[in-house]
Amino acid sequence: MIDFAASRSRQEPRGAIDPMSDELFAELSWLPRAPGDFSERCKALIGSEGPQGERVRALASYALDENKLNRLAKVINALRASPGAIHPLAPFRLGITSNATTHYLVSPLIATAARHGIALECIEGKFDQSAQEALDPASAINRARPDAVLLALDYRGLPLRSMPGDAAGASQAIAAALEQLDAIRNGFRANGDAICILQTLARPVETSLGSLDLALPGTPRHLVDGFNRRLVERLGGSQDFLLDVAGLAESVGLAEWHDPTLWNIGKIPFANRFLPVYADFVCRLIAALRGKSRRCLVLDLDNTLWGGVIGDDGLPGIVLGQGDATGEAFLNVQRTALELRERGVVLAVCSKNDDETAREPFRNHPEMLLREHHVAIFQANWNDKATNIRAIAEALSLGLESMVLLDDSPMERGLVREILPEVAVPELPDDPALYARTMLAAGYFEAVTFSAEDQRRADIYQENALHIALKESATGIDDYLRSLGMTIHFRPFDPLGRSRIAQLINKSNQFNLTTRRYSEAQIARLENDPAFFTLQVRLTDSFGDNGMICAVICARNQQDWQIDTWLMSCRVLGRMVEHAVLEEIVRNARLQGIRRLIGTYLPTQRNKLVEEHYGRLGFDLLERADDGATRWELAVDKYLARNPPITVAQS
Amino acid sequence: MEDGILTKLTEVFRDVFADDSLVLSREMSATDIDGWDSLAHITLMLSVQRAFHVRLSASETSQLQNVGALIDLLHSKQGH
């Protein structure tokens with residue numbers, strides 16, 4: 001079973017990029033799309049008072065194409081001219097040398113570096129003069145004393161001429177190319193005191209003998225493969241680092257990566273539309289060198305680690321496990337999280353749920369791969385996620401810039417990005433089968449070394465699924481809610497909504513005051529009965545249509561309305577929707593001469609969440625029964641409007 | 001048809017040259033726009049190809065004399 005409201009909203013197009021296509025990397029699909037006023041926001045940075053580093057980083061954290069990166073790089077270069085303006089980005093000076101054109105790399109690198117917290121300065125070597133740049137102590141790169149030099153070499157500029165069948169010649173050619181590289185590396189170390197970043201070669205698309213190329217020494221494929229392998233061996237134990245451009249080019253598709261027209265026009269080494277992702281690959285490596293890789297993965301639960309809502313669907317109802325395509329997709333998310341943990345990433349949970357309910361699958365679901373002992377901090381409560389993530393970071397003694405949040409809900413992602421911009425929150429496609437790929441493509445956990453200590457790191461953080469108390473709630477949430485542009489639609493029960501109302505009434509457990517179940521036939525009878533006031537409620541926001549998210553039934557008893565049923569989808573919790581609903585009930589009550597609303601809370605194992613629902617809404621307690629059931633009243637003429645940030649649609 | 005090309009082309013030029021006040025005319029050439037050198041020309045041509053979903057060859061992009069010639073080229077590419 002799937003959360004009804006959630007499954008509805010999934011069907012609405014949100015304009016997101018579909019990472020199933022080869023655009024996952026080219027479009028940086030894990031980043032939010034750039035806003036329409038991007039260039040205005042760039043301009044506003046120039047001439048602003050004080051340090052602008054955080055605002056620059058925020059702009060860099062959108063999915064920017066080549067032109068937008070160029071535009072932002074101009075702003076960064078202008079800011080760099082005034083001291084302190086780029087604070088708190090960490091300075092890094094990068095030399096770039098190549099046997100291909102590097103001009104187009106520079107601005108994308110500068111803008112992308114800001115995304116990773118780096119204020120990058122680039123020094124370009126002369127075209128195809130890597131050796132001279134390295135060996136001449138007075139070369140532009142050496143004089144600049146860079147932190148690192150990027151050797152962006154292309155196979156077309158190396159002495160790797162095709163010689164099919166000539167094993168000895170091929171071996172010599174590879175050795176000669178590597179010796180060239182050694183001379184360059186040694187030169188930069190001796191003359192510039194710089195480490196080098198060396199690229200693997202993206203092999204050409206064109207084949208010579210077909211599949212045999214792989215086996216036959218001297219074919220282009222064999223030469224490039226041999227070069228890459230020996231380059232990797234050579235770098236082991238050295239102070240230099242590897243940038244796996246070959247791996248990136250294979251991931252996006254070699255035929256897409258190599259553009260012969262561009263090479264012919266200007267020795268441009270790869271198709272420009274991959275500049276943004278190439279720059280991100282370089283900058284995540286630089287960030288890792290500066291110790292800025294992320295260290296903790298915070299996981300949402302419902303519809304992120306399993307399909308469905310544990311609080312409503314129960315243990316047998318959630319979708320997880322082999323034999324079902326969706327269940328396997330969620331297993332894959334869990335497997336990925338476990339693999340990250342094995343290489344030193346700390347796992348935490350942050351979910352809007354009751355603690356006991358949320359832990360149940362970890363304890364009792366046979367298909368779960370993740371168990372409580374894998375999780376360092378386990379935050380399942382009804383507080384906002386920004387507050388929880390801040391508490392998790394503090395408990396782990398990690399900075400917010402070490403955190404990544406994986407969450408299927410665009411609203412939660414937006415909220416955390418807004419309140420805690422330091423936290424990385426990947427955009428996710430609709431299909432859970434692509435969650436893991438999308439998150440991993442973002443490269444949050446880039447490492448430049450891997451030690452035995454890393455393997456143990458997750459254990460060092462005492463994996464006891466600790467629940468920690470929250471100190472104070474995050475501020476700024478009201479502004480965020482206003483920015484969502486929420487519109488609420490009220491209608492009485494009608495035949496059109498009937499089956500969905502029935503579904504909600506028979507399935508909702510958590511935000512359900514009385515948990516009374518009614519059949520479709522019973523619901524139909526309410527539609528035109530003057531003794532009942534009913535509401536079906538839909539909510540739309542800037543992310544799309546959330547579908548029907550609430551149903552209310554009030555029964556008339558002289559001048560009272562007894563609220564027989566009030567339930568809501570947990571997806572819209574924390575958005576003041578209940579206040580808007582109450583306002584609508586009160587408005588109608590006044591029209592119909594009702595004096596009093598009587599609310600009832602009937603406790604179940606699942607609905608502790610709404611124990612204080614009526615109290616929070618300003619109702620007064622009438623009585624409390626031994627079993628915990630409560631009755632509440634609200635005098636309609638004493639109701640104080642709360643003005644929630646939600647527009648009521650006029651029907 | 002041509003107006004549509006001009007509007008879209010103006011957006012591309014503004015994007016590439018980071019100048020939101022730039023106004024294009026058929027007669028304009030590289031000397032009229034700040035920063036339109038041979039390197040920027042390649043970026044411009046790539047952006048044009050992306051925006052108009054066309055592929056231009058090296059000889060086509062190197063022969064363009066002014067904005068008008070580019071509009072005509074795009075017109076012929078889109079004109080099936």
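Visitor: Hi! How many bridges join β12 to β13 in chain A, and do the strands run parallel or antiparallel?

Guide: Strand β12 (residues 544–557) of chain A is joined to strand β13 (residues 560–568) of chain A by eight bridges, and the two run antiparallel. Keep in mind that this is a predicted model.

Visitor: Got it. Which residue is the bridge partner of A:A551 in β13(A)?

Guide: That's A:L567.

Visitor: And which helices sit on these strands?

Guide: One is helix α23 (residues 498–507) of chain A, which lies across β11 (532–541), β12 and β13 of chain A. Helix α23 runs at about 80° to β12(A). Another is helix α25 (residues 577–591) of chain A, which packs on the sheet and touches β10 (486–491), β11, β12, β13, β14 (596–601) and β17 of chain A. The direction of α25 makes about 40° with that of β12(A).

Visitor: What's the strand order in that sheet?

Guide: It's an open sheet of eight strands in chain A, ordered β15-β16-β14-β13-β12-β11-β10-β17, and the pairing is mixed.

Visitor: Which strands stand at the edges?

Guide: β15 (620–624) and β17 (646–648) of chain A. Each has a single partner strand, so one side of each has no neighbour in the sheet. If you ignore direction, neighbouring strands here are turned by 30° against each other on average.

Visitor: OK, what about the sheet with β1 in it?

Guide: That one is an open sheet of five strands in chain A, in the order β2-β1-β3-β4-β5, with parallel pairing. Its edges are β2 (118–124) and β5 (241–243) of chain A; each has a single partner strand, so one side of each is left without a neighbour. From one strand to the next, the twist averages 30°.

Visitor: How many bridges join β1 to β2(A)?

Guide: Seven, between strand β1 (residues 90–97) of chain A and β2(A), and these strands run parallel. For instance, A:R93 has A:E121 as its bridge partner in β2(A). There's a helix here as well: α6 (residues 103–115) of chain A lies across β1 and β2 of chain A, at about 165° to β2(A).

Visitor: Switching to helices: at what angle do α18 and α19 of chain A cross?

Guide: At roughly 60°, with the axes of α18 (residues 385–395) and α19 (residues 410–419) of chain A coming within 9 Å. That angle makes α18(A) oblique to α19(A). The crossing of α18(A) past α19(A) is right-handed.

Visitor: Which residues make the contact?

Guide: From α18(A) it's A:K385, A:A386 and A:I389, and from α19(A) it's A:E412, A:L415, A:V416 and A:I419. Between α18(A) and α19(A), the contact residues divide into five nonpolar, no polar and two charged.

Visitor: Now chain B. How many helices and strands are there?

Guide: Chain B has four helices and zero strands. Along the sequence, the pattern is α-α-α-α.

Visitor: What radius of gyration does chain B have?

Guide: 11 Å, which agrees with the value near 12 Å that a compact globule of 80 residues would have. The C-alpha atoms of chain B fill a box of roughly 35 × 25 × 20 Å along the principal axes.

Visitor: Last one: how many residues of chain B are in contact with chain A?

Guide: Eleven residues of chain B are in contact with twelve residues of chain A. On the chain B side, α1 (2–16) and α2 (38–52) each supply at least two residues, and α2(B) gives the most, with five. That side of chain B divides into six nonpolar, three polar and two charged residues.

Definitions and conventions. Residues numbered from 1 in each chain as written. Chains lettered and ligands numbered in written order. Predicted model: local features only at pLDDT ≥ 70, side-chain atom pairs only at ≥ 80, totals over all residues. Contact = placed C-beta atoms within 7 Å. Nonpolar A, V, L, I, M, F, W, Y, C, P; charged D, E, K, R; others polar. Axes fitted to C-alpha atoms, helices over the stretch in contact; angles between N-to-C directions. Parallel < 35°, antiparallel > 145°, perpendicular 65-115°, else oblique. Left-handed = near helix turned anticlockwise from the far one by under 90°. Pairing = 2+ DSSP bridges. Rg over C-alpha atoms; globule rule 2.2 N^0.38 Å.
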